[in-house]
Amino acid sequence: MQINRILVYGIGNPGRRDDGLGPKLVSLIETEGIENVDCDSNYQLNIEDALTCSHYDAVVFVDASETTAPPFEFKELEPAREIAFTTHELSPASVLALTEELYARRPRAWMLAVRGYEWELAEGLSPRAEINLSAALAFLADWVDQGRSKTL
Amino acid sequence: MGRKITIEPVTRVEGHGKVTIHLDDRGKVTQSRFHIVEFRGFERFVQGRPYWEAPVLVQRLCGICPVSHHLAAAKAMDVIVGAGPEKLTPTAEKMRRLMHYGQMLQSHALHFFHLASPDLLFGMDADPAIRNIVGVALEHRDLAVQGVMLRKFGQEIILATAGKKIHGTGAIPGGINKNLTIEERDSFLKGPAPLNADTMIEWAQGALDLFKAFHKDHKDLVDGFAPFPSNHLSLVRKDGALDFYHGVLRAVDSEGRKVLDDVDYQDYLKYIGEEVRSWSYMKFPYLRSLGKADGWYRVGPLARLNTCDFIPSPHAQKEFELYKAYTDGKPNNMSLHTHWARLIELLHSAEVIRELLNDKDLQGDKLVRRGKRRPEGVGLVEAPRGTLFHHYRVDDNDQIAMANLIVSTTNNNEPMNRAVNWVAENMISEKPEITEGMLNRVEVAIRAYDPCLSCATHAVGKMPLVVEMYDSRKNLVDRKCK
C-alpha cells in the first residue's frame, strides 16, 4: 500500500529516565517537522488511541524496552486481543484490534523498541540510551523518507 | 504437599504487584496476600524543587489520573501561598472543578468499558480470548464506541482546562492560569453529537442502566462476590453532599456510625496513621481512633456513596436513592457494588460538567489570589479511585523540604487484601484444580479497586501476568503467564 499519512506515537514517562525514550524521539521528530508525519505521545496507550490510529495509513509506536537488543528493534505489528488487568495499560496490538473492530480501519503498524537501561524516578536519559536514541532517530527518519517515495 | 500460588498482575512502568496464595497439603488456603514488591521514592523526587513546580511535577506519578495529583498538589500550594483552601476566585475554583469532573468522567468510563464490562458481559469463566475490551468491541460495538467517546470527551475537557492532554499546567498556586473561552464552552455544550454534554449524560445513564439490568439477572454474583464489612472514608461537602474536589473528611463504620465527623483535612495526621508491614512496600493506613487492627477503611466510589448524605445533581440523586434503598440506607459493603457506585458517579460527573459549562464564572478574568505565605500545606481531592492526600513543607528558599503522599491505592491496601482473601477462601480453597476462571476471580476482586501501582509504588514493573505454584518445600511446580 502507498503510505500517505504516518503517525509516530511515543509511549513512556519522561519522569522515569529511559522510559522517556519514546516521547523524546517523538519530540525530536516533531522538531524536524516531517511532511505527512504527525506525532503524538502519552505515558500509556489507551482506548481513544484506536480512534486516533484510524485516521492514518501507518502508525509507528516508539517505546523503551529493557530487553531488546541494542540499539533498537523494528518489527511489524498485528492486531491482537489481550486481557487487561488495569486501565493503566493497553498494548499497541490491542489498540490496533480496537481500531479494526470499532472503525473498520487497519493501518499498517510497527513497533520501534529502543533499548533503555535506567528506570528510576528522575528526568533525563542515560548516556547509553542517548546513543540508542540517535541510532533509532536516524533509522526512523530514513524509513519515513522511504515510505513516502515507495510502497512499504 | 503444600503449594504456593503467585499471581503477578503487572503493567509496564506502573509498578509491580503480585498475589500469593499459600495452600496446605490438602489444598486449603492458609494465607493470601496482595504484595507490592517495589519501593516508594516519589516524595524524594520532589524534595528540593521549587514549590510552584509541584503541581506539574507530580503528574509524573500516573498517566491515568494526573489531574488528581495536579489538583491535590495545587490545593496544598494554595495553602502555602495563603490562598487556600477556600479563598480561590470563583473562576479558579470552577475551572479546577471542571477539570476534575472531566477527569472523573473519563476515568470512570474507562474503568467500566475497559475493565468491568468484559467480566459482566461475557462472565468470569468466559474464554479469555473473548473476555477483553476487543471482545466487547466485537460483540457490543455501540457500547465500546460510547466508552471511547466518553473518555475522549473527558480528555478534551482536561485539555481545555489544564492546557495539555498530559502534564497540564492549568492549576497554579493560588488559582488557575486560564479561563474557558466562549468557543470552548460552546463546543462542549453545543458541539455535534456525540461530543457534547447532553450525549455524555445520556450515555452515562445508559451504562448505569446496563449495569442495573445485569444486576437484576445476576444478584447472587454481584451481591455475593467478596462482601465484607469495613469502615469507609472520603471528602464530603460541608452540607454532606458528594463532592470530588473539596470538603471535609468523613468516615463511617460498616453500620453507618460516624468515625470521623467532618474534620478539617489540614489536620489529617491527627486522624490517619500509616502502618508498615514487612511483606509489602505499600503502607496500610488506618483511622487512629480505631487503631491498626480495626481502623482500616475503603476509599473510592463505594466509600463515597456510603459517607455522603446526598448527590447534588438530579439524575444521579435519583439513582443514589435507588442505590441506598437496596441496603435500607445502611452502608454498602459488597465489593462488586463498587461498579454500581462508580456508574452513578459517572452520571453525576456528566451532570456537573453540563452545569459548570453553563456557569458564566468560567469566563471570569480574576484567576489568582495570594495571601500570607505559610510553610506547610495539605491538599486533598477525591480521585477516581478514592481519597488522595498531598502534604508538603516548604523551606525559606521556596524549596520543598518534605512531601508525604497517601494515594487512593494505598488507602485501599487492606480492602484489596481482604477481597483477595475472600476469593482465595471461597473460590480456590480445597479445589482439586486451579482454573483460569478462579484466577480471574482474584483479578476481578482487585480490578474493582483498579489499583494504580504506579501511584502506590512509584517504580518500574514488568509486563506479564505470572502464576507460580510452589510445593511445601518452596519448589516451583507450575508456572503460567498471560
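**Exercise 1.** Which residues in H3(B) meet which residues in H4(B)?

*Solution.* First, some ground rules: this is a predicted model, where local features need pLDDT of at least 70, side-chain atom pairs count only at pLDDT 80 or more, and totals for chains, interfaces and linings use all residues. Residues are numbered from 1 along each chain as its sequence is written, and chains are lettered from A and ligands numbered from 1 in the order in which they are written.

Now look for contacts (C-beta atoms, placed from the backbone, within 7 Å). On the H3(B) side you'll find B:Val67, B:Ser68 and B:Leu71, and they meet B:Arg96, B:Met99, B:His100 and B:Gln103 of H4(B). Sort the residues of this contact and you get 3 nonpolar, 3 polar and 1 charged. Here Ala, Val, Leu, Ile, Met, Phe, Trp, Tyr, Cys and Pro count as nonpolar, Asp, Glu, Lys and Arg as charged, and the others, Gly among them, as polar.

**Exercise 2.** Work out how the axes of H3 and H4 of chain B are arranged.

*Solution.* Start with the axes, which are lines fitted to C-alpha atoms over the stretch in contact, with angles from 0 to 180 degrees between N-to-C directions. Those of H3 (residues 66-80) and H4 (residues 90-122) of chain B come within 9 Å and cross at roughly 150°. That makes H3(B) roughly antiparallel to H4(B) (the label needs an angle over 145 degrees).

**Exercise 3.** Find the share of buried residues in each chain.

*Solution.* Count a residue as buried if 20 or more other C-beta atoms, placed from the backbone, lie within 10 Å of its own. Chain A has 152 residues, 52% of them buried. For chain B, 54% of 482 residues count as buried.

Methods
Helix = DSSP H or I, 4+ residues; strand = E, 2+ residues; numbered from the N terminus. Parallel < 35°, antiparallel > 145°, perpendicular 65-115°, else oblique. Contact = placed C-beta atoms within 7 Å. Buried ≥ 20, exposed ≤ 12 C-beta atoms within 10 Å, placed from the backbone.
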